[in-house]
Amino acid sequence: MNHLFNVNTEFFKVLGYSMSYIEFFGVAFGLLAVWLSAKANIWSWPVGIVNVVLAFLLYYQVQLYPDMFLQAFFFVTNILGWWRWDNPKPGEEDRKQELKVSYMKKGQILLTVIVGIAGTFILGSLASNLHHWFPTAFALPSAYPYVDSFITVMSIVTTFYMIQKKIECWIIWILVDMVAACLYFIKGVKFYSVEYFIFTLIAAFGLWHWIKEYKSYTVAAVRNPQQIE
């Protein structure tokens, strides 16, 4: 592997912590992508593509295999999200002619809980055995397979809701980001841990901003009932 993409290749040190190139730039692009998402900015998707490529390489090297596989999913969904936000159906457009934000239905919330529990158990069981089934590819056992799988499963679920601009996606992201921040700190990729702590704060801002955006549709409709916002 090119030394610039090796997690052991030092970029600089901060407070005694050795920062690799891949960790630093992965975090930088990740923070930018999430901040743009919180602002409902469509450029969050192409920036996110760069982030997931770097994250895929990093997670493989620190044996967080479910998170590694998750990046392949994110690569595809970043493309889908980019297209969906830019191509709303008639009546779904906001003032920028992009997809509006909206709330989830009650059935979607129940389905999210069921999928989260079942998916975490199934994926965690599979991750626990990867080093037995494929010892050449996975020389070391998966670290914290069930916690890592919870992050993976719920990230997949909430990404679909983000593609549809569902406001509740930010509530799920807050929970996922808090768990991830703790896991990455334990695994020693501390800059990623800091990143996910910041993600938690950005997710809280995103929740507030999207609710505000949703309320603005009602205000606009009252002021101009002929205009679809």
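**Entry 1: helix H4**

I began with the buried positions of H4, and found Thr-112, Gly-116, Gly-119, Thr-120, Gly-124 and Ala-127 among the buried residues. I kept in mind that I am reading a predicted model. Next I asked what covers the buried residues of H4. The cover includes helix H3 (65-86), helix H5 (130-133), helix H6 (145-163) and helix H7 (169-187). I also checked the span of H4: its 22 residues (106-127) reach 31 Å from first C-alpha to last, close to the 32 Å expected at 1.5 Å a residue.

**Entry 2: helix H2**

I moved to H2, which runs over residues 44-61. H2 has 18 residues and spans 26 Å between its first and last C-alpha, close to the expected 26 Å. How many of its residues are buried? I noted 13 of the 18, so H2 is largely enclosed by the rest of the structure. After the helix comes Gln-63, and I wrote down that its phi is positive, near 60°.

**Entry 3: H1 against H2**

I then looked at how H1 (residues 21-38) meets H2: the two axes come within 8 Å and cross at roughly 145°. H1 passes H2 in a left-handed crossing. On the H1 side, I listed Ile-22, Glu-23, Phe-25, Gly-26, Phe-29, Gly-30, Leu-32, Ala-33, Leu-36 and Ser-37 as making the contact. From H2 come Ser-44, Val-47, Gly-48, Val-50, Asn-51, Leu-54, Leu-57, Leu-58 and Gln-61.

**Entry 4: Gln-61**

Is Gln-61 buried or exposed? I have it down as buried, because its relative accessible area of 18% falls under the 20% cut-off. Where does its side chain go? I traced the side chain of Gln-61 to the backbone oxygen of Leu-57, at 3.1 Å.

**Entry 5: Thr-158**

My last stop was Thr-158, in helix H6. Thr-158 counts as buried, with 0% relative accessibility. I followed its side chain to the backbone oxygen of Cys-169, which it reaches at 3.0 Å. Which residues does Thr-158 touch, leaving aside neighbours within four places in sequence? I wrote down Cys-169, Ile-172 and Trp-173.

Note on methods:
Residues are numbered from 1 along each chain as its sequence is written. This is a predicted model: local features need pLDDT of at least 70, side-chain atom pairs count only at pLDDT 80 or more; totals for chains, interfaces and linings use all residues. Side-chain values use heavy atoms; hydrogens and water are left out. Helices (H or I, at least four residues) and strands (E, at least two) are DSSP runs, numbered from the N terminus. The expected span of a helix is 1.5 Å times one less than its number of residues. Buried means under 20% relative accessible area, exposed over 50%, partly exposed in between (1.4 Å probe, protein chains only). Axes are lines fitted to C-alpha atoms, for helices over the stretch in contact, and angles run from 0 to 180 degrees between N-to-C directions. A crossing is left-handed if the near helix is turned anticlockwise from the far one by less than a right angle, and right-handed if clockwise. Contact means heavy atoms within 4.5 Å. A polar contact is a pair of N or O atoms within 3.5 Å; within protein, one must be able to donate a hydrogen and the other to accept it, and residues adjacent in sequence count only if both atoms are side-chain atoms.
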